[in-house]
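Thanks for coming. I will go through one chain today, starting with its surface.

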Amino acid sequence: MTKQEREAIREESRAGVLVIVLAIIGAIYVLNGLKPTRYGDPSVSNSVATVPSRDTEDLMQ
């Protein structure tokens, strides 16, 4: 095997690794695994409905 053939095989393997890494990153992105975290926004999943407080006297009538 000549030096040129070894370099060509090395370049092909680098390109293959790059394609695999990009495919994994793309799959994670498509599956929504890289959802950005926004710390300033309120969380919708932990929301609680609030109602104005009333006196207990109104409830007794």
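Which residues form a positive surface patch? Lys-3, Arg-6, Arg-10 and Arg-14 form it. Lys and Arg count as positive, Asp and Glu as negative, and His and the chain ends are not counted. A patch takes residues with over 30% relative accessible area and no salt bridge, joining like charges within 9 Å and nonpolar side chains (Val, Leu, Ile, Met, Phe, Trp, Tyr) within 5 Å. A salt bridge means a side-chain nitrogen of Lys or Arg within 4 Å of a carboxyl oxygen of Asp or Glu.

Some background. This is a predicted model, where local features need pLDDT of at least 70 and side-chain atom pairs count only at 80 or more, while totals for chains, interfaces and linings use all residues. Numbering starts from 1 along each chain as its sequence is written, and side-chain values use heavy atoms, without hydrogens or water.

The chain has two helices and zero strands, taken as DSSP runs of at least four residues (H or I) and at least two (E), numbered from the N terminus. Arg-6 lies in helix H1 and is partly exposed at 44% relative accessibility; buried is under 20%, exposed over 50%, partly exposed in between, with a 1.4 Å probe and protein chains only.

Leu-22 is also in H1, residues 3–30, and is exposed at 52%. With Val-17, Leu-18, Val-21 and Ile-25, Leu-22 makes a nonpolar patch of about 450 Å². Buried residues are 0% of the 61 in the chain.

Conventions
Accessible areas come from the Shrake-Rupley method with a 1.4 Å probe; for residues, only the protein chains shown count as cover. The place of a charge is taken as NZ of Lys, CZ of Arg, CG of Asp or CD of Glu.
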